[in-house]
Amino acid sequence: MTLAAALLGSSALQADEAEISAVKAVLAAYKASVERLDASSSVTLFTEDSAVFENGASEGTFRHYLGHHLGPELKEVRSFRYSDYAVTVKVDGPYALAAETYRFRIEPTRGGVIERQAVATSVLRKQGNDWKIVQSHNSSRRP
C-alpha cells in the first residue's frame with residue numbers, strides 16, 4: 001500500500017514537472033520571438049481573449065498589443081536581448097501561474113541603448129494539449 005502511494009505520488013510529481021516544463025516552453029518561445037524582432041509567431045501562444053498589461057497600461061488582447069504596440073516598436077529596434085532570466089511556475093489544474101524576472105537591452109535603430117530590469121507575471125490555461133497565455137503583465141525600470 002505504501003509503495004503504491006509512493007508510486008502514485010511520484011507519477012503525479014512527474015506529471016507536474018512535465019506541465020511546468022511545457023509552460024516554461026511557451027514563455028521561452030515568446031521571449032525568443034521578441035529577440036528575433038518578430039513576435040507575430042507568438043499569436044498562437046495567447047488565447048483569443050487574452051489581456052496584456054504593460055507598465056501601468058491595459059494593452060488589450062495580444063493581437064491588439066502586437067498590432068498597435070509591440071510590432072511597431074520591434075520595427076524600430078536593431079537588437080533586443082534578455083539576460084539574468086529566472087522563472088517560477090505553479091500549476092493548478094488547467095491553470096498555471098508564472099513569475100519571471102529578467103533584464104533586457106534594446107538597441108534602437110535611432111537613439112541610445114535602453115537597459116532595464118523587469119518582472120512579468122502570466123496566467124496560462126491549458127487548452128487541449130497546449131498551454132496558452134490568458135493574461136500577461138510586465139513592468140520595468142532602470143537598473
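Me: Is Val89 buried or exposed in this model?
Reply: Val89 is buried, because its relative accessible area is 11%, and buried here means under 20%, exposed over 50% and partly exposed in between, with a 1.4 Å probe and protein chains only. The model is predicted, so local features need pLDDT of at least 70 and side-chain atom pairs count only at pLDDT 80 or more, while totals for chains, interfaces and linings use all residues. Residues are numbered from 1 along each chain as its sequence is written, and side-chain values use heavy atoms, with hydrogens and water left out.

Me: Where is Val89 found, and how far is it from Ile20 in space?
Reply: Val89 belongs to strand β3. Although 69 residues separate Val89 from Ile20 in sequence, their C-alpha atoms are 6.1 Å apart.

Me: How many helices and strands are there, and in what pattern?
Reply: The protein has two helices and six strands, taken as DSSP runs numbered from the N terminus (helices H or I, at least four residues; strands E, at least two). Along the sequence they follow the pattern α-β-β-α-β-β-β-β.

Me: What share of the protein counts as buried?
Reply: Of its 143 residues, 34% are buried.

Me: Turning to the core, which residues touch the most other members?
Reply: In the largest nonpolar core, which has 31 residues, they are Tyr30, Val34, Phe62, Leu70, Phe80 and Leu124. Such a core is a set of buried Ala, Val, Leu, Ile, Met, Phe, Trp, Tyr and Cys residues joined through side-chain atoms within 4.5 Å.

Me: And which elements supply this core?
Reply: Two or more residues come from each of α1, β1, α2, β3, β4, β5 and β6. The largest share is that of α1, with six residues.

Me: Which residues of α2 are buried?
Reply: In α2, Phe62, Tyr65, Leu66, His69, Leu70, Gly71 and Leu74 are buried.

Me: Where does α2 bend, and by how much?
Reply: The bend in α2 is at His68 and amounts to about 35°. That angle lies between axes fitted to the seven residues ending at the residue and the seven starting there. A proline, Pro72, follows within four residues of the bend.

Me: What does α2 span between its ends?
Reply: The distance between the end C-alpha atoms of α2 is only 15 Å, whereas a straight helix of 13 residues would span 18 Å. The expected span is 1.5 Å times one less than the number of residues.

Me: Moving to the backbone, what is phi at Asn55?
Reply: Asn55 is not a glycine, yet its phi is positive, at about 45°. This residue is in the loop between β1 and β2 (57-60).

Me: How exposed is Asn55?
Reply: With a relative accessible area of 45%, Asn55 is partly exposed.

Me: What is phi at Asp84, and where is that residue found?
Reply: Asp84, a residue other than glycine, has a positive phi near 50°. Asp84 is found in strand β3, the strand that also holds Val89.

Me: Is Asp84 buried or exposed?
Reply: Asp84 is exposed, because its relative accessible area is 58%. Strand β3 therefore holds Asp84, which is exposed, as well as Val89, which is buried.
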